[in-house]
Amino acid sequence: MEGAQPKQKLFSAVQPSGAVTIGNYIGAIRNFAVLQDEYDCLYAVADLHAITVRQEPAVLRRNTLELLALFIACGIDPEKCVLFVQSHVPAHCELTWVLNTIAYLGELSRMTQFKDKSARHAENVNMGLMDYPVLMASDILLYQAALVPVGADQKQHLELTRDLAVRFNNRYGSTFTVPEPFIPKGSGARVMSLADPSRKMSKSDENPNAFVTMSDDRDTVLRKFKRAVTDSDAEVRYDPENKPGVSNLLTIYCAFTGRDTAEAEREFAGKGYGDFKLAVGEAVADVLDPIRAEKARLLADKGYLNAVMKRGEEAAARIARRTLSKVYRKVGFYAGE
Ligand code: TYM
């Protein structure tokens with residue numbers, strides 16, 4: 001079309017490290033499909049990131065395929081987007097090496113997630129855990145992404161990515177697009193645990209009732225919401241300070257129904273927590289049921305998933321190679337005559 005601007009690039013990734021939760025869905029994955037018409041999107045299964053904490057190899061392999069199927073089941077169209085597995089594109093590791101030389105030990109050791117994970121995995125504080133945000137910066141910068149949809153917990157890593165991009169551009173001349181985070185407005189950016197609403201909902205929580213996974217069946221979803229922590233006054237009102245459990249359930253309800261908080265409060269005015277929790281569970285299960293069925297259908301067709309992955313790898317590698325060549329030239333690597 002005459003005068004049409006090329007679309008901006010968008011990148012995001014999810015780790016195949018265990019079950020994907022409704023926190024991952026609300027904070028990130030559901031936006032992946034929403035943004036696919038407006039941007040040139042690349043979405044990766046971040047297996048290189050996953051091995052920074054110990055993984056069972058067979059389980060990691062299975063989770064990689066499951067996550068790719070889940071992306072598609074959540075509405076990401078492989079005809080419109082590039083879907084690939086991070087380890088299939090070696091440029092991610094290659095750029096990480098170069099960016100390591102401009103990333104400071106001090107800034108990496110100050111990252112909140114590094115500090116949290118070092119405390120949680122004290123027996124395995126490996127270099128990869130510390131270098132994790134540099135690999136993440138490489139993921140994003142390789143594709144010259146302008147936008148990165150993530151949950152609030154990744155904001156600090158996005159800031160580091162921006163710092164590294166600016167630092168490189170200043171030292172070697174304009175090379176990287178400086179990306180913006182796309183974080184959902186309000187509390188959907190940080191869905192809390194159902195068992196302890198002062199903590200983030202996380203797939204690595206040792207209490208399985210603390211999170212709902214994208215593969216939980218209807219009965220499990222209803223049971224987990226029935227058990228969710230609320231408070232002793234019986235009013236369904238959004239007040240994260242004084243009513244963190246109820247507010248978190250309202251956030252989840254609104255994310256899954258498209259209602260706003262005021263509408264939801266009106267809907268449950270005068271009703272007890274029992275009715276409310278059942279309604280939240282049903283709203284979530286109504287969305288998860290067809291996603292789970294579609295994912296199962298896709299997983300039965302490995303040939304198709306492998307073909308999507310292969311196509312994604314080729315498309316991603318082509319773009320990544322271009323950026324990496326530019327980087328190598330800028331830093332002064334001799335490329336022959
Ligand atoms: P991961 O796999 O831990 O989480 C995937 C996405 O889910 C978001 N998220 C949440 N959002 C709201 N509430 C929650 N309780 C919640 N828990 C997780 C995360 O913010 C994330 O967006 N490092 C990334 C993966 C990654 C990546 C990248 C992301 C690798 N390279 C490049 C963006 C760009 C991660 O660990 O996500």
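**Exercise 1. Work out which residues line the largest cavity, and describe that lining.**

Step 1. Start with the list: Gln-113, Phe-114, Lys-117, Leu-129, Tyr-132, Pro-133 and His-157 line the largest cavity. Here a cavity is a set of points on a 1 Å grid over the protein atoms alone where a 1.4 Å probe fits but cannot get out, and lining residues have an atom within 4 Å of a point.

A quick word on the model: it is predicted, so local features need pLDDT of at least 70 and side-chain atom pairs pLDDT 80 or more, while totals for chains, interfaces and linings use all residues. Residues are numbered from 1 along each chain as its sequence is written, and side-chain values use heavy atoms, with hydrogens and water left out.

Step 2. Now find the helices: α6 (112–120) and α7 (127–142) each give at least two residues to this lining. Helices are DSSP runs of H or I with at least four residues, strands are runs of E with at least two, and both are numbered from the N terminus.

Step 3. Sort by class, and you get 4 nonpolar, 2 polar and 1 charged residues. Ala, Val, Leu, Ile, Met, Phe, Trp, Tyr, Cys and Pro count as nonpolar, Asp, Glu, Lys and Arg as charged, and the others, Gly among them, as polar.

Step 4. For size, the volume of this cavity is about 40 Å³, taken as the space filled by probe spheres set on the points, which are joined across faces, edges and corners.

**Exercise 2. Describe the largest pocket, where the ligand sits.**

Step 1. A pocket is an open set of points with protein on both sides within 12 Å along at least five of seven lines. The largest one has a volume of about 1,200 Å³.

Step 2. Its lining has 46 residues, with Gln-15, Gln-113, Asp-153, Gln-154 and Lys-200 nearest the centre.

Step 3. By class, this lining divides into 17 nonpolar, 18 polar and 11 charged residues.

**Exercise 3. Find side chains that reach oxygen atoms of the ligand.**

Step 1. Take Tyr-132: an N or O atom of its side chain is 2.6 Å from a ligand oxygen.

Step 2. Finish with Lys-203, where a polar side-chain atom lies 3.2 Å from an oxygen of the ligand.

Notes
A polar contact is a pair of N or O atoms within 3.5 Å; within protein, one must be able to donate a hydrogen and the other to accept it, and residues adjacent in sequence count only if both atoms are side-chain atoms. A molecule sits in a cavity or pocket if more than half of its atoms lie within 2 Å of its grid points.
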